[in-house]
Amino acid sequence: MLSARPPAASYVLIDAENVDWAVSNVVGRKPEAQDRMQFDRLVAFCESHFPSPVRCVVVLNAKGEQLPDVMLGFVRALKTAGCDVALLYGRPDQKVVDLGILKLLEAIRTQRRGAAVALASHDGADFAEALRGLLEEKRQVALLGLREYMSQRFRELVPAGLEILDLELDAKVFQRPLPRLLPVRVDEFDPSLFL
């Protein structure tokens, strides 16, 4: 049972559907296995970047009371990678994953004082205000995603201390490079890539 475990110093909440959406935009199709985020790499990155112990929680919409067979392998893989999985369902009009993440953020805010928080999502409309509250408490707060898809609402939190980490460039969670159109700072520009 999850509650029997000691509290974590850092919580990483993962909106897998949202990350998959961003990857599908980059590759221009439904992502293949080689295009998808490798959760074991994400866990390893988070364990090296955030205070330990780290707990990674993937929030998924199970779409009903019984887990669909097509999700079983994915859930097992997530657990093998070291992630906890929050399987949720709700009414058709509910944004189940977003509501679950918001509840987790609030529980961390009220029950895990001082814990660091990272969120893997690009959805600033739903989560920016919750992250703002954590930043106001002077917590370490980070956002994980593909930076070209980050919501402007998240970017507005950078001066307040939000750290934006790129899943490919910083966390290196993909098996092969994504075909991104990504502006590079001139100071970091490597002209040999074009020779």
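Helices (H or I, at least four residues) and strands (E, at least two) are DSSP runs, numbered from the N terminus. The model is predicted.

**Exercise 1. Determine which elements contribute to the lining of the largest pocket, and describe its composition.**

Step 1. Begin with the space itself: the largest pocket has a volume of about 450 Å³.

Step 2. List the lining. It comprises 19 residues, and those nearest the pocket centre are Ala16, Asp20, Arg36, Phe39 and Phe74.

Step 3. Assign the lining to elements. Helix 1 (16–27), strand 2 and helix 3 each give two or more residues. Helix 3 supplies the largest share, namely six residues.

**Exercise 2. State the strand order of the open sheet and explain which strands stand at its edges.**

Step 1. The open sheet has six strands in the order 3-2-1-4-5-6, with parallel pairing.

Step 2. Strand 3 and strand 6 (163–166) each have a single partner strand, so they stand at the edges and one side of each lacks a neighbour in the sheet.

Step 3. From one strand to the next, the twist averages 20 degrees.

**Exercise 3. Trace the pairing of strand 2 with strand 3 and that of strand 5 with strand 6.**

Step 1. Strand 2 (residues 54–61) runs parallel to strand 3 (residues 83–88), and six bridges join the two. Within this pair, Val59 is opposite Ala86 of strand 3.

Step 2. Leu143 has Ile164 of strand 6 as its bridge partner.

**Exercise 4. Identify the strands across which helix 4 and helix 5 lie.**

Step 1. Helix 4 (residues 96–111) lies across strand 1 (10–14), strand 2, strand 3 and strand 4 (116–120), and runs at about 150 degrees to strand 2.

Step 2. Helix 5 (residues 124–136) lies across strand 4 and strand 5, at about 145 degrees to strand 5.

**Exercise 5. Locate Pro53 and Lys63, and describe the backbone geometry at each.**

Step 1. Pro53 belongs to the loop between helix 2 (39–49) and strand 2. The peptide bond leading from Ser52 to Pro53 is cis, with omega near -5 degrees.

Step 2. Lys63 lies in the loop between strand 2 and helix 3. Although Lys63 is not a glycine, its phi is positive, at about 65 degrees.

Definitions and conventions: Residues are numbered from 1 along each chain as its sequence is written. This is a predicted model: local features need pLDDT of at least 70, side-chain atom pairs count only at pLDDT 80 or more; totals for chains, interfaces and linings use all residues. Side-chain values use heavy atoms; hydrogens and water are left out. Two strands pair if DSSP finds at least two bridges between them. On a 1 Å grid over the protein atoms alone, a cavity is a set of points where a 1.4 Å probe fits but cannot get out, and a pocket is an open set with protein on both sides within 12 Å along at least five of seven lines; lining residues have an atom within 4 Å of a point. Grid points are joined across faces, edges and corners, and a volume is the space filled by probe spheres set on the points. Ala, Val, Leu, Ile, Met, Phe, Trp, Tyr, Cys and Pro count as nonpolar, Asp, Glu, Lys and Arg as charged, and the others, Gly among them, as polar. Axes are lines fitted to C-alpha atoms, for helices over the stretch in contact, and angles run from 0 to 180 degrees between N-to-C directions. Contact means heavy atoms within 4.5 Å.
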